[in-house]
Amino acid sequence: MSAASDLTILTAAELAKAIATGEASATAAIEAYLAAIDARDGAIGAYNEVFADRARARATSVDAGEITGPLAGVPIAVKDNMCTTYGRTTCASTYLATFEAPYDCTAVANLEAAGAVVLGKTNMDEFAMGSSTENSSTRMTRNPWDTDRVPGGSSGGSAAAVAAHLCAAALGSDTGGSIRQPAALCGIVGLKPTYGRVSRYGLVAFGSSLDQIGPMTRDVADAALLTRIIAGHDDRDATSLSEDVPDYAADLASGAAGLRIGLPTEFYTDALGGEVRSVIDQAIETYRAAGAETVEVSLPHSRIDIDADGKLSSFAVAAYYIICTAECSSNLARFDGVHYGHRTEEKVEDIIELYSRSRAESLGEEVKRRIMLGNYALSSGYYDAYYNKALKVRRLIANDFAAAFKHCDVILCATTPTPAFRIGEKTDDPLEMYLADIYTNSLNLAGLPGMSLPGGLSSDGLPVGIQLIGPVLGEPTLFRAGRAFEAASGTSRLTSPVIEGQS
Amino acid sequence: MTRTTNISKVTPVVGLEIHVELATQTKMFCRCINQFGDEPNTHVCPVCMAMPGSLPVMNRQAVAFSIKVGLALGCTVPEYTKWDRKNYYYPDLPKNYQISQYDLPLAAHGVFEIPLESGETKAIRVLRAHLEEDAGKNIHDLPGCTGVDLNRAGVPLLEIVSEPDMNSVEEVLGYARSMQRLVRWLGVSEANMQMGHMRFEPNINLHIEAGGQTYKTPIVEVKNLNSFRALERAVAYEISRQTSEWKADPEGFTLAKLGKQNRGYDDNTEKTVFQREKEEAHDYRYFPDPDLPAVVVDEAWRESIAGDIGELPLARRQRYMDAYRLAFQEADALTMDAATGDLLDAAVAVGAEPKRCVNLLLGRAAAIAKERDCTIADLGIAAGQLAELATMLTDSNINATSAETVLVAVIEDGGSPAEIAEVQGLLQVSDTGRLEVWVDEAIAENPDAVAKAREGDKKVLGFLMGQVMKKSRGAANPGEANKLLKQKLGG
Ligand SMILES: [Zn+2]
């Protein structure tokens, strides 16, 4: 094992410390990661673009003492829907294939202000619409645990990059589970912060009332470290919260003793089966053994059911897909071929044809489907039946959570119904794909923070995530509970086979 | 199928939407400068260019301005309002949705009193006033392509919608002009027509009484009128057009059969023109903008804005007529803007006689203001200067003609009216000794006239007075000089 690959084994916090103390140089760290990308990303396909020259230049500046900060020299991957003034911001869409943003996303700028080095932009489902990264127009991203399987999505590139040690940590975005679901499927930690905790400025919008940027890391401590840096009020995002950002590392070592862990009846129905159920049951035992108390709570409007044919269903998913499609139908209207991005080269008769051809040529099937669903849900005559009703369900779901958190500090449940599925397995059935987020949607509707962390492995060696849900601004409790589980279970910092194969 | 129809009465029924661009320093949802007339696309940023990932942040000043207008119109200003997206595709709207207010406008249900030529006023109900962002401009005169200028995109636009309470061209114009006066008065808009700060969209139909029945013609909305003249012509044209169309087909040309229609306006022919209807009705798919929190207008904010409004034009005009005993025309002219009346009131407050001040302001000063295309207050006369000059008139230290000369000098160069009058020798002379010199000279030089005057020719007396004034270069106190002249002539 070379010294270079040693550095890629470290967490972001460990690497930052090694660089700060002079044990390692930033240049060595960047070179180690660039070498890892060279060696392994051909098989994984995590990155849409790697900024090798820029990363080397920043590493040189870190080593010269010109760039300092808590993440000085730490290579971070960024999902390709966050604007950067360097490289392209494509959202894995043909429409933005050559788009160069004129400004930087606040969360990314915050990371770099803390000394981090953005290593590249990671692949995703086009415009963050999907749960497998198969809706990317750029490349296929594979799961480092089994390259015949999907990494999850939509932040699949970031999840795969972290799991395959192609970056020290990454940023993803989560609208209905897009950080937590791929984190679960790739055996890493992923946090969706409280809505408004991290600025959305510079994050290409999908569902504006649901979108949140969050960290995707190898362990809970890194998630706490990155969240501290990216969180906070931003004058350019009117929905960003003004509350002070606490030191998320403060409670990390407080353990599980005395924690009240809520188990929502409606998440523990017959729908929760097989390998995932046994990992969750084991996690509950681990918490109890570590001194936590478990309490049954109720989230009636988030209930997950299963029918005789094995089909899952939930109000939350229905409400979620109406709200997110309605918002995206309007958010994506700006991609019209007029001001920037793809414009048809066909000769057009009028502006309407320019719009429709440019969009038809450059937007993918799933994106078109959601735009049409959203326009339908908002159209007069259907608005009350769909959009308005979904808003009411959303309110009821949020009320359920608020009531539940009177009896517990944190809620524990599954992140996904199954471990990683095979590439192509769900591409013909969009509804089946939507249900991959059945345990994660309701949090986005309620604006709550949620974190997925590795719970264990399935019998065929695939990671299974467990999800912790907190009340509004309950991130400190999530980090504490998450770290307590890591310490008690030993499932932290799983090493995916793709790395073992290489080292 | 035509038949003779005896019309007993035609009542035009008109409602008016007025779009007012607010004079905030920056745009509605970004911090680009709100400024008209610069090179295309020089006041733009990622937000108003609709770059992916950019987000709107509300301009509080624009909201305060809108609340001010709403309160001045007697509207209810609710504690909670919100922003909605109005979705439609157009190249000058880069997001392809406009941030507007759908069901919770910033202000609703007010009444606007407008003056009529008769001297009476009429109350026009205001349905709502909501705030939105303006679109950019398509530029069509480029070779081979259409350009888009986004300097105006995102400029705050207040849309004030009246009930259909106007029944004549005169009332529509009165309402529109009063609204212009009001928004200028409140300091929320320059309301400059040439710069497109105000745009009109009237809804017009007729209630025709004939043969014991009332017929309603289709409601026509005329889009995007940019001048008072266009508004006047469009409404007048619609009244005559709808009358003749109804006469041609009394049963067919009705609201019930044809509903609402949009028409454009042709500036050259001064006629409204048919606009091809879109194949399907517009569905704007309004929904609450998730990027913007609800707007909370608490009691304290509302009260502080209300406290800023002060006396409104109509009330002030009435006060001038009552307290200062001004004629309607005078009072009206002094209430075109707030600052001119403020100047008058300030001069009166330090003891000047109102009527003297008014004569000064509405004489040469008003003429100069008109030449300069500005308000009287913009001429820069200070209340102290106005009061000083008015008091000189009251005390007969200057005559009216010389006072005008001094006022012009004050406007041109500033300075104290008394000092200017002194330097220019315009102080009025009432001293009998000095007056006598001019009177004696005038008598000596015009023996014929003197003879006629002594025979009782009043006209000649005037001529001799003119000679005295001329010799004094306008400084003689006319009353005193007249008395002295008559005395000398033995009158
Ligand atoms: Zn701007």
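**Reading a two-chain predicted model**

Tutor: Chain A has 17 helices and 13 strands, where helices (H or I, at least four residues) and strands (E, at least two) are DSSP runs numbered from the N terminus. Its radius of gyration is 21 Å, close to the 23 Å that the globule rule gives for 503 residues, so chain A is as compact as a globular protein of that length. The radius is taken over C-alpha atoms, and the rule is 2.2 Å times the number of residues to the power 0.38. This is a predicted model, in which local features need pLDDT of at least 70 and side-chain atom pairs count only at pLDDT 80 or more, while totals for chains, interfaces and linings use all residues. Residues are numbered from 1 along each chain as its sequence is written, and chains are lettered from A and ligands numbered from 1 in the order in which they are written.

Student: What share of the residues of chain A count as buried?

Tutor: A residue is buried if 20 or more other C-beta atoms lie within 10 Å of its own, exposed if 12 or fewer, and partly exposed in between, with C-beta atoms placed from the backbone. Of the 503 residues of chain A, 63% are buried, and the C-alpha atoms of this chain fill a box of roughly 65 × 60 × 45 Å along the principal axes.

Student: In what order do the strands of the open sheet in chain A stand?

Tutor: Strands of a sheet pair through backbone hydrogen bonds, either parallel or antiparallel. Here two strands pair if DSSP finds at least two bridges between them. In chain A, 11 strands form an open sheet with mixed pairing, in the order β1-β3-β2-β4-β6-β5-β12-β13-β11-β7-β8. At the edges stand β1 (47-50) and β8 (293-297) of chain A, each with a single partner strand, so one side of each is left without a neighbour in the sheet. From one strand to the next the twist averages 30 degrees.

Student: Which strands pair with β12(A)?

Tutor: On one side, strand β5 (residues 189-192) of chain A pairs with β12(A) in the antiparallel sense over 3 bridges, and Leu191(A) has Met451(A) as its bridge partner in β12(A). Strand β13 (residues 463-469) of chain A is also antiparallel to β12(A), joined to it by 7 bridges, with Leu457(A) opposite Pro463(A) in β13(A). These two strands, β12(A) and β13(A), form a hairpin with 5 residues between them, and Gly461(A) in the turn has a positive phi of about 80 degrees. As for burial, 7 of the 8 residues of β12(A) (residues 450-457) are buried, which leaves the strand mostly covered.

Student: How many bridges does β13(A) share with β11(A)?

Tutor: Strand β11 (residues 410-414) of chain A and β13(A) pair over 4 bridges, again in the antiparallel sense, and Ile411(A) stands opposite Ile469(A) in β13(A). Helix α8 (residues 220-230) of chain A packs on the sheet, touching β4 (169-174), β5, β6 (212-217) and β12 of chain A, and its direction makes about 145 degrees with that of β6(A). Such axes are lines fitted to C-alpha atoms, for helices over the stretch in contact, and angles run from 0 to 180 degrees between N-to-C directions. Helix α9 (residues 274-289) of chain A lies across β7 (260-264), β8, β11, β12 and β13 of chain A, at about 55 degrees to β13(A).

Student: How many helices and strands are there in chain B, and is that chain spread out or compact?

Tutor: Chain B holds 16 helices and 16 strands. Its radius of gyration is 30 Å, well over the 23 Å that the globule rule gives for 491 residues, so chain B is more spread out than a compact globule. Its C-alpha trace spans about 95 × 65 × 55 Å along the principal axes, and buried residues make up 41% of the 491 residues. Domain bounds come from an automatic or database domain assignment, which gives domain 1 (7-296), domain 2 (311-423) and domain 3 (432-489) of chain B. The centres of domain 1 and domain 3 of chain B, taken over C-alpha atoms, are separated by 65 Å.

Student: How many residues of chain B are in contact with chain A?

Tutor: Two residues are in contact if their C-beta atoms, placed from the backbone, lie within 7 Å. By that criterion, 25 residues of chain B are in contact with 34 residues of chain A. The side of chain B that touches chain A has 17 nonpolar, 3 polar and 5 charged residues, where Ala, Val, Leu, Ile, Met, Phe, Trp, Tyr, Cys and Pro count as nonpolar, Asp, Glu, Lys and Arg as charged, and the others, Gly among them, as polar.
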